[in-house]
Amino acid sequence: MLKCLLILSCLYLSGCLSPTPIPTPLQRTVHAEKLAKGAGWKEHTIPTALFTLKAYGSPARGKTKRLTIYIEGDGLSWLSEDRPSHNPTPLVPTGLKLAIQDQKNKPIVYLARPCQFVFQESWRTCRQDYWTHLRFSPDVIHAMNQAVDYLKHYYHAQKITLIGYSGGGTIATLLSAGRQDVIQLITVAAILDIDHWVRQENLTPLYGSLNPADEWNNLVSIPQTHWVGGQDRVVSKDVALAFSERFPAQKKPQIHVIEDFNHTCCWARDWMSLLSSS
């Protein structure tokens, strides 16, 4: 079915044959909370029309010209090729780790995806469709837009920079295409052309999801930097290059290929040096 997502799950689990039990959603949440609290960040629970979303952010210090928002990847969406996870809370919150490493931008907020790090009443509208084929659907994008609006208001920000890891980069690109306040877009290992990715990997189409590449005309004026790993077997560099080909010759976004990086390694480790060149 979704071969590529199986590979991603295996990467997160450090090997499909590993006997190590998968941490529970609560354990994964506690781990993320410790990371955020260690950075001195505040937790936000954000109600939207469909989902309740979780965020962690640096302290608000009055009005700011720019807010930087990091968006998490797909998380633990699949347990096997044909078995979706019951909870997409990430085993490794790479988006959060990137955000915490960022010493360039202030203030900073980390925004999780629908159904990550939430429980009980906040879980009420969650179903597997929203972390499988509908994870880039209009419903999801609308909820994420509402969360961005909430955070922008909370921090009294005028403009925003969006940074997304993996599927969070897909979300960040779709959000940027529909907003007028995004002054910079940065993605890491993102699925920027879903149609190309599906064809390349012979995957089941993501019926109901939006394709960022179709929005190129709404992105052409936004400064963009897209980081991809040369050894990425989940989302190859060809996906980003196909996205870039949609743009006119003089308006193509920056695509930076780090030849010895894959989908997970070593973005968080080297993030500050990479970000400084974005």
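Predicted model: local features only at pLDDT ≥ 70, side-chain atom pairs only at ≥ 80, totals over all residues.
Residues are numbered from 1 along each chain as its sequence is written, and side-chain values use heavy atoms, leaving out hydrogens and water.

One of the aromatic pairs joins Trp216 and Phe247, with 6.1 Å centre to centre and 65° between the planes; this is edge-to-face (planes over 60 degrees apart; under 30 is stacked and the rest tilted). Trp216 belongs to helix H7 (residues 216–219) and Phe247 to the loop between helix H8 (237–245) and strand E10 (254–258), so the pair ties together parts 31 residues apart in sequence. Helices (H or I, at least four residues) and strands (E, at least two) are DSSP runs numbered from the N terminus.

Helix H2 (residues 25–38) packs with helix H3 (residues 94–101) at an angle of about 5°, the axes being 10 Å apart. Axes are lines fitted to C-alpha atoms over the stretch in contact, and angles run from 0 to 180 degrees between N-to-C directions. H2 is therefore roughly parallel to H3 (angles under 35 degrees; over 145 is roughly antiparallel, 65 to 115 roughly perpendicular and the rest oblique). Ala32, Leu35 and Ala36 of H2 meet Leu96, Lys97 and Ile100 of H3 (contact means heavy atoms within 4.5 Å).

Conventions: Phe/Tyr/Trp six-rings, centres within 6.5 Å; stacked < 30°, edge-to-face > 60°.
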